[in-house]
Structures are given as structure tokens and as C-alpha cells.
Amino acid sequence: MVNAIKGVFITCDIPMAQFIVNMNNSMPSSQKFIIHVLDSTHLFVQPQVEQMIRSAIAEFRDQNSYEKPT
């Protein structure tokens, strides 16, 4: 019998994958969203958290972007 799970396949670099895994580990067990870590650059996550992950990554990038002083 085949078991199918609906999800979102994420491909990213290793540091971003670690960021997502760390985000998942900081959540309570009832809210963990990673279904399976395929390798160091590929993750399979629940579809309803896609926008949350995108928002967290955008915020992380904004915080870590260099802005030239004026």
C-alpha cells in the first residue's frame, strides 16, 4: 500500500536549510512542520507553512543585509 503525503519540496543552500531546520526545532512538537529532511539541501515540509517560511527567510535576509551608512 502506498502512503502519500501532500507537502512542499524546498531546495536551498546548506545554511538556509539549517535555518529552516532550526526554525522547526524551536517550535512546540505539535507545530513542527518538516515532514522529511531528504539531504543537506532538500527538505519536504507541510504545505500550510510555506508562507511562514518565506516570511522568516525574508526577515532574516533583511536583518543580515549590509546598508551603507549615509
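Guide: Gladly. Start with Ala17, which sits in helix α1, residues 14-25. Keep in mind that this model is predicted.

Visitor: Is Ala17 buried or exposed, and why?

Guide: Look at relative accessibility. Buried means under 20%. Ala17 has 3% relative accessibility, so Ala17 counts as buried.

Visitor: Which residues does Ala17 touch, leaving out those up to four places away in sequence?

Guide: A contact means heavy atoms within 4.5 Å. On that basis, Ala17 touches Cys12, Ser40 and Leu43.

Visitor: How far apart are Ala17 and His36, in sequence and in space?

Guide: The two residues are separated by 19 residues in sequence. From C-alpha to C-alpha, Ala17 and His36 are 12 Å apart.

Visitor: Now the strands. How do I read the two faces of a strand?

Guide: In a regular strand, side chains alternate between the two faces of the sheet. Take strand β1, residues 8-11. Val8 and Ile10 form its covered face. Phe9 and Thr11 form the uncovered one.

Visitor: How many bridges join β1 to β3?

Guide: Four, and the two strands run antiparallel.

Visitor: What pattern does the protein follow along the sequence?

Guide: The order is β-α-β-β-α. That gives two helices and three strands. The radius of gyration is 14 Å, well over the 11 Å that the globule rule gives for 70 residues, so the protein is more spread out than a compact globule. Along the principal axes, the C-alpha trace spans about 65 × 25 × 15 Å.

Visitor: What share of the residues is buried?

Guide: Buried residues make up 24% of the 70. The protein exposes about 5500 Å², and carbon and sulfur atoms supply 54% of that area.

Visitor: What about contacts across the sequence?

Guide: Take contacts between residues at least 6 apart in sequence. Of these, 59% join residues at least 24 apart.

Technical notes: Residues are numbered from 1 along each chain as its sequence is written. This is a predicted model: local features need pLDDT of at least 70, side-chain atom pairs count only at pLDDT 80 or more; totals for chains, interfaces and linings use all residues. Side-chain values use heavy atoms; hydrogens and water are left out. The radius of gyration is taken over C-alpha atoms; the globule rule is 2.2 Å times the number of residues to the power 0.38. Buried means under 20% relative accessible area, exposed over 50%, partly exposed in between (1.4 Å probe, protein chains only). Accessible areas come from the Shrake-Rupley method with a 1.4 Å probe; for residues, only the protein chains shown count as cover. Two strands pair if DSSP finds at least two bridges between them.
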